[in-house]
Amino acid sequence: MAENEEKHLDPITFAFARFSLNISLCYTEVSPQYFIKSNVHVLLISLTGFDSDLVAGPALLGIMHLSLLEPQEILVDSSIRGHGHGHGSSQSIEDSVNVSKSSTLGNGFDIGNTSGSGSIANEAGKTTKTLNMKASIVDEHLLPALLPHMVHGNSKYILIQACKLCASLALYFPNKPELARSGCFHSLFDLLQGDHKEVNEDIQYAALCALVNIVNGSDANRNLAVELKGIRPLLVTIRLSSNDFLLYEACKVLTNMCYCNSYTSGCILSSAGDVVLLQLLDGCDILRSHEIVHSSLCALTNMSNSET
């Protein structure tokens with residue numbers, strides 16, 4: 001039940017909400033090909049524009065679950081061509097957060113992202129094409145519909161789902177610049193520091209997970225994070241929070257921001273980020289908080305790669 005909503009629903013509102021919840025419950029029973037061909041995700045995106053949180057909330061939940069679907073390869077005519085996407089690697093340390101099947105956010109490392117839409121030659125004049133739900137959701141203009149919820153919405157449940165959805169979509173590399181251009185990247189920093197609305201630790205945690213994924217692998221987004229004044233809310237979170245999960249994710253964002261980037265490393269150092277991390281290390285129990293210690297050391301390692 002959304003906040004500040006009446007419990008009585010008209011039949012249409014109930015039908016839309018129930019439809020969205022059914023998608024969340026059975027999304028693994030249907031292939032991504034079926035969802036894309038039937039335009040289910042397009043309908044869910046349109047439902048996010050409803051004034052009622054009882055429709056918009058379940059619709060975001062349904063889209064969130066669809067974004068978890070693994071890419072699917074199908075055979076198409078050889079006249080349909082695509083381009084694959086490759087990802088290189090470097091020796092510096094960079095983290096990424098995965099989204100688990102239960103719609104909660106995990107804390108594992110993921111070097112590299114989910115494969116994108118592409119195609120390879122096959123027998124009998126056919127081509128193997130990859131259908132990626134993360135790409136299709138963004139192609140259908142979800143992000144412009146998502147931004148008003150993140151900026152003007154007050155429902156904590158919807159804000160959490162919006163942040164989780166950004167984290168999931170950012171695992172597909174071509175979506176990273178779209179998240180930055182849409183304004184969602186900026187809104188995540190606002191939600192982290194509670195600008196213009198009251199937020200809780202669940203919203204902050206989901207926002208941090210999304211920031212980890214958006215910054216991961218994208219130099220442009222690393223630089224943009226600095227331009228959006230994102231260093232300060234991260235350092236404030238590390239200094240003031242007692243939540244281990246928030247501390248861990250905030251350190252991972254800093255780790256990704258200064259990964260092979262002397263400009264962002266210098267900005268973090270100028271903001272006394274190294275001092276904050278050393279204070280965190282000084283107060284950590286290495287046995288009970290080894291993940292925080294590890295992520296803090298990774299951030300310091302990446303910062304030490306620059307001449308500054």
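These entries record the salt bridges that I looked up in a predicted model.

**Basis.** I worked from a predicted model, in which local features need pLDDT of at least 70, side-chain atom pairs count only at pLDDT 80 or more, and totals for chains, interfaces and linings use all residues. Residues are numbered from 1 along each chain as its sequence is written, and side-chain values use heavy atoms, with hydrogens and water left out.

**Entry 1.** I searched for salt bridges (a side-chain nitrogen of Lys or Arg within 4 Å of a carboxyl oxygen of Asp or Glu). The structure holds three.

**Entry 2.** I looked up arginine 181 and found it paired with glutamate 178, with 2.5 Å between the closest N and O atoms. Both residues belong to helix α8 (residues 175–182) and lie three residues apart, about one turn of the helix. Helices here are DSSP runs of H or I with at least four residues, numbered from the N terminus. For accessibility I applied these classes: buried is under 20% relative accessible area, exposed over 50%, and partly exposed in between (1.4 Å probe, protein chains only). Arginine 181 is exposed at 59%, whereas glutamate 178 is partly exposed at 31%.

**Entry 3.** I next examined aspartate 219, which bridges to arginine 222 with a closest N–O distance of 2.8 Å. The two are three residues apart in helix α11 (residues 219–227), about one helical turn. I noted aspartate 219 as partly exposed at 38% and arginine 222 as buried at 4%.

**Entry 4.** I then checked lysine 252 and glutamate 249, whose closest N and O atoms are 3.9 Å apart. They are three residues apart in helix α13 (residues 244–257), again about one helical turn. Lysine 252 and glutamate 249 are both buried.
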